[in-house]
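Please open the model in a viewer and keep the selection tool at hand. The stops below may be followed in order.

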Amino acid sequence: MNARLGLDIGGTFTDAVGVLNGNLVWAKAETTHHDLKDCFMEAAARAAGRLGADLADVASDAEALIYSTTVGTNTLIERTGPKLGLLTTMGFEDTLKVGRSRSWADGMPLEVRFAKGRARKPEPLIPRDEFTVSLRERIDSRGQVLIPLDEDEVRGQVQRLVDLGVRGFVVVLLNSFINPEHENRVRDLIHEEYPEVYLGRMPVFLSHEVSPQMGEYRRSLTTIIDAYLRVNTEEHILDIGNDLLDMGYHKPLFLAKCTGGISSVSRTRPVHLLGSGPVAGVFGARALAEAYGLRNVLLTDMGGTSFDAGLIVEARDRLYESDPVFDRWRVQVPVIAHWSIGAGGGSIAYIEDRRLHVGPRSARSRPGPACYGRGGTEPTVTDADVVLGYIDPDYFLGGRIKLDAALAAEAVRTQVAEPLGMTVDEAAWHIRHQIDGIMGQELYMRTALNSGSDPREFTAFAVGGAGPVHAAGYAEFADVRRIALPPFAGAFGAFGTLSMDLVQTYEKGRKVVIRMPGSTEFDPAAAEVLNGEVAELLVSARRDIAEEGLDPDAVSFVLELQMSYGMQRQTLDIPHPGLHVDGAADLSTLFDRFQNAYADSFGEGSTSPESGAEVRLVRLNVIGASEKLTLPSFEAAPALPPPTGSRRVLWELERGWEETPVYRLDELGPGAAMEGPVLIEAEDSVGAAPRGWSFRLDEHRMGWMEKQT
Amino acid sequence: MTSLRDQIKLHEGLVYDRHAYGKGPGWDPELIVEKAAPLSAIEREGYDLLSDVELEIFYHKMLTIVEEAREVWQNLSISDIILAGDMSTAVFTPSGDLAVASTGIHFHALLNYAQSKFILKYYRDDPTVGLRDGDIFFFNNPLAGSTHAPDMFTAMPVFHEGELVAWAEVGGHQGDCGSVSPGGFNPYATSRFEEGFHMAGVKIGENFRIRKDMLDYLCGSVRNPFVFAVELRSRVATCLRMRDRILREVERRGPAAVSGGLRRLIDRSSELASDRLRQINDGVYRSILFNDTIGAEKGLVRIPVTVIKEGGEMTILVQGVSPPNGKGPVHATWHLVRASQAVYLFAYFFRGLMPNVGLFEPLTFLIEGPSVANSPEDVAHTEGTIISAAVVQSFHIIGSKMLFDSPFRENVSAPFSRNMVALVFYGSNLFGYRATGITSTGNGAGQGARFDGDGEHSTGFYWASMTDAGEVEEFDARYPFTIIARGLLGTDYHGFGMYRGGSALIEVSMAYPNPVVMTSWGTSDVISHNPGLFGGYWGPPNPRLTITKNDALKLMAEGALPELTHHSLAAERQLGGDYAFESSSVNPKEFEIGDVFLCDTGSGGGYGDVLERDPEAVMTDVREGMISADVASRVYRVVYNEETLRVDHAATEALRNEERQARIARGKRFDDFIGGWLAQKPKEHLLTYYGDWPDPRVPGYDKPFWGEHD
């Protein structure tokens, strides 16, 4: 049967996409937070059903099962990880608590940064006072030992942590990424005290192994989160794996990673599972972009509580986020660039200081928008959409949830319209307009920061329940003129998992000066240092390839060097063809590429060749290409069917209410085209094309909204 | 009925509502003291084009522009201070008033208007200068509106089809300004001519590029030319980015809507600020702070603050200030004192309102001059922020008292720590780079306790909204020294109270692997500037500590280095060597390999009575090493088992009641207390630069400072 099945767990729904013989289907199940295995199996079974088979039949013969899980995110937010002990260099035990003095704002909305007076830092995952112990040792930034390790002290501190009941050790010693001698010795000593053969042996996580990079705060957090997620993640994945095994699935269960690829369970770090859903979506968008020949794409996903976005720039394989934050924690992980703001259908509108605010606070699904009738009294974006006629109260989610338009209007009236002295219609319009403005303008800024250019040349893919109904609105503010509405927008993350290659990423932080400030000469010795680092990464990579049972000839190696000007913190990832840096000539070529990339990002006048240049990190990606999805094609429909109805929609305040034709997406065939204003209703969303925009459906049933003027 | 404001009597012969110096080449103080300019033609044309709600979206757009610019600048810069976030990016109206500021140092944004206004008035129509699209201007002259010479500002006019629609500007501290002293802080400076180069509104570039001759001149004036050059280019690239974004918004909305919208943002802030003020009790509020130095020399200086709140307006009166001394760099300017208040106003008092110059519109500043707070022309200025911050700290105390009985009680707190010792270094790092700068430990100050909880430890830089204290491994590789301990290393090193102040990030560094030239910059060596609130204890003063000729390297090699904490070094002297507790204002000195220095930026004051602190919270403080057993027992009056840290609640309550009774017994009638207080006087040698005692401006004054002057 050779099916491929992709699964993506979200906060509300779990999505599955199945592919078999060119047939592409998708299905949803409600996410079961008490046990994620239940929703995994349910969604998979529904997708299998749409392929016309039982899950067991599909599984026993499946080519691949790929899973994007939120088990790690849940563990982090709910703080259900194991009790861990931290061993760190004496004098630096407060590193997590200090949090670079900025942890109070990390992962928080922009407005929080202005409110230093109300700053609150998150509680560290490993408490400082009891579970953090110090070791008298120090290695300097050249890797030389300044203070030798005191082995008796190590034994004593380990015993102290054991007495406190820790279930694992995290070891973060300063400059271990340059010289790991002390960290390795600590692990040996722990293993000597607690040999493998006995019960109660506890895992040891060394920071230089998890994240061999400069920056003790981020390295600590990366290592701690990796350790913290391990138990829950492992149990959950193995549980699912065993059930699949019982069904006859003998291939590896592949996991989607935020680093932009998939890998088998045995080659996946827990910390790489965080944010894998949105990243899978980026790869889904990339696959579609490639199919359509689009080089610059924005993926926008507007759900109930958040607006997530990712981007593809100049058809580049991967664009990384600089200094990513998971939840409240700043980490060192090569995360594919994506971001999230608190804007969605559930975003609450309120008045403060006579000013209208929309979000980031959300009514979530409970109590939800006022129109849900679940007790919510605060007006939300969805309420505004109902008041304005964009959403049919009787056909929300295909009619599965009946909405109360009167409750929506009442909430808008009391909380926004009356305080601002407006009509309900005006207030609802402003709520919608404001959230579109916030989303579009944030999109503009993030795109500009990540790509160096503004988004005018980008196509936006709009997915998520609230995406299509707001896409034209936020696109106006983001300067985007073309929007694609994928046919499986409701399960885009799951689709994305099937678009990801097998990828393993190996990194080593190493500051190598390739050209000194003021000099025009490149140091050939620097090339040799880099080659040494590449050689070490290749050893690890080849070991993993062998252990995965992959054909070494079927994988490709991609070398990237993270470069900066001398002493600059900003880095750019510069690809290097091949796996060898050939002396000064190659360094010079790398420098030229870096300068060009820099000028592209920040402008011609911003380059500073006299500042010299450094390589800060060496990254090796090993890629096993997966089978690419092809979109099914459909025959063009002979003619545009009549609208299924019409309703009054307040598109523009100046024009007032307008009777607007409404089409059902499933009644439209390829080739259908119309001019806005028009609504196109699907089972899980509504596409809204305003005046000046057109809508058409292509042969793959991809919807396109384009700005005409 | 006489207004409260009318009851204030200003001294004759002194100035209050303007600078104590006059117009000069490149500066015009009359321009600096002006409030937001009258509407220009384009601002008037576009003023009503955006509805109130559309204005919110416009504000958000402008905020994304300045925040994008902030990130761009930080990405491009190689200056330690900019990397740490001690900078600002902002958009100004065509008339030069601050409309939108990024997170960063707000007072930088509030000072940048000075050059725009000067250029508009004096250079725009001057055929030798002019104002054209693509021009780049630069200034750092304190008399022209800067803080001090190391703070440098860059401005770019934004033109649309020949019409000026806005200004894009950035401001930030530079690692060097060509002063006698590396880093620019020269405690021995007696005039501004010893504090490096001073430029006032100079056109350094045209057609969007920096002129080569100007770049060479500037780089040739400083100790870190390569850092300076990169830094200046990054400023220009940042302004260009803002310009591009503003022009795109002009394309979308039209030039008048953008210019008028920027101006409307200012007026909107002003209206909302007045609204808030009207919800706060009227009254006259007072607070006072003293400084312990005039630069290199010890000397008491007085900085009292009186705030008169009436209706929707507020007057900040700085009167009874010590006179200028001409002996050191601790002199602020009128504009610096005013702009500095943004530290408190934006993050606390007016928190939640759009931070721009509109929040200053309902405020009147009366700053006595000539004085250390409103200095004359030729004195040295580099450490004037000590004075302006002292005004902020008093204003913070006053503001908290005002807000306690208001709908804005959430903003009530003891002030953020202003005590500071920041190390300024100069030397070669491990990779051979010449590095000059200030350590990011300046970004680790403790927060004052709040009305509803403890202050956070190490929360940022005093002057900025959000900053970054960085990571030691990066500093090891960047700096010409090595950090050997860094954390919350102080026990009993914060203000106690019902809620305690946040503790400072303390850094212990060593000259290693090379010798290094170091100096420092700071305040509060003896007298703290971190008051507590409503009975909370003050955050402690923090002199600089250096330990030379010590045995640290030997102990390290032997694996016998003791735990390095504030207590183990300052009190127990666990390293052998020569200990020097010094003023933070000293001349640069070369430190030998192995020499150790300790610095921090102070801890916040406490809130409320120590006897009301939850005894369990006291035990947490003991467990975390934040306080000693002695303080738990003698200050907080908690009875507990020292091994298990279990509290005896009944005995604690009895002990606390006993202390309450003892307090009553120690109490005096108010008049008796004041009489005794006025009879006290500091030693004469500390009053050399003070002025008359007790009121520097009123010889023979014999009343408390809130009393009548006649």
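This is a predicted model: local features need pLDDT of at least 70, side-chain atom pairs count only at pLDDT 80 or more; totals for chains, interfaces and linings use all residues.

**Stop 1: chain A as a whole**

Begin by selecting chain A, which contains 18 helices and 32 strands. Its C-alpha trace extends over about 80 × 60 × 55 Å along the principal axes. For 709 residues, a compact globule would have a radius of gyration near 27 Å, and the value for chain A is 27 Å, which agrees.

**Stop 2: the domains of chain A**

Colour chain A by its domain assignment. Domain 1 comprises 4–75 + 233–274, domain 2 comprises 82–218, and domain 3 comprises 277–344 + 435–496. Domain 4 covers 359–432, domain 5 covers 502–624, and domain 6 covers 645–707.

Next, display domain 2 and domain 5 of chain A together. The centres of domain 2 and domain 5 of chain A, taken over C-alpha atoms, are separated by 29 Å. How many residues does the contact take from domain 2 of chain A and from domain 5 of chain A? Domain 2 of chain A supplies four residues, and domain 5 of chain A supplies five residues. On the side of domain 2 of chain A that touches domain 5 of chain A, three residues are nonpolar, one is polar and none is charged.

**Stop 3: a helix pair in chain A**

Select residues 524–548 of chain A, which form helix α17, and residues 583–602 of chain A, which form helix α18. The two axes come within 7 Å and cross at roughly 85 degrees. Angles of 65 to 115 degrees count as roughly perpendicular, and α17(A) and α18(A) are therefore roughly perpendicular to each other. To see the contact, show the side chains of Pro524(A), Ala526(A) and Ala527(A) on α17(A), together with Gly583(A), Ala584(A), Asp586(A) and Leu587(A) on α18(A). Five of these contact residues are nonpolar, one is polar and one is charged.

**Stop 4: the domains of chain B**

Turn now to chain B, which is divided into domain 1 (43–274), domain 2 (279–409 + 685–691) and domain 3 (413–610). Between the centres of domain 1 and domain 2 of chain B, taken over C-alpha atoms, there are 25 Å. Their contact takes 37 residues from domain 1 of chain B and 34 residues from domain 2 of chain B. On the domain 1 side, β2 (98–101), α5 (106–111) and α9 (255–278) of chain B each contribute at least two residues. The most comes from α9(B), with nine residues. That side of domain 1 of chain B has 20 nonpolar, 11 polar and six charged residues.

**Stop 5: a helix pair in chain B**

Select helix α7 (residues 212–219) and helix α8 (residues 225–253) of chain B, whose axes come within 9 Å and cross at roughly 140 degrees. α7(B) and α8(B) are therefore oblique to each other, and their crossing is right-handed. Leu215(B), Leu218(B) and Cys219(B) of α7(B) meet Pro225(B), Phe228(B), Ala229(B) and Leu232(B) of α8(B). The contact residues comprise seven nonpolar, no polar and no charged.

**Stop 6: where the chains meet**

Finally, display both chains. Here 76 residues of chain B are in contact with 74 residues of chain A. Which element gives the largest share of the side of chain B that touches chain A? It is α3(B), with 12 residues. The elements of chain B giving two or more residues to this side are α3 (52–76), α8, α11 (342–349), α13 (472–478) and β14 (482–487). By class, this side of chain B has 33 nonpolar, 22 polar and 21 charged residues.

Terms used: Residues are numbered from 1 along each chain as its sequence is written. Chains are lettered from A and ligands numbered from 1 in the order in which they are written. Axes are lines fitted to C-alpha atoms, for helices over the stretch in contact, and angles run from 0 to 180 degrees between N-to-C directions. Helices (H or I, at least four residues) and strands (E, at least two) are DSSP runs, numbered from the N terminus. Angles under 35 degrees count as roughly parallel, over 145 as roughly antiparallel, 65 to 115 as roughly perpendicular and the rest as oblique. Two residues are in contact if their C-beta atoms, placed from the backbone, lie within 7 Å. Ala, Val, Leu, Ile, Met, Phe, Trp, Tyr, Cys and Pro count as nonpolar, Asp, Glu, Lys and Arg as charged, and the others, Gly among them, as polar. A crossing is left-handed if the near helix is turned anticlockwise from the far one by less than a right angle, and right-handed if clockwise. Domain bounds come from an automatic or database domain assignment. The radius of gyration is taken over C-alpha atoms; the globule rule is 2.2 Å times the number of residues to the power 0.38.
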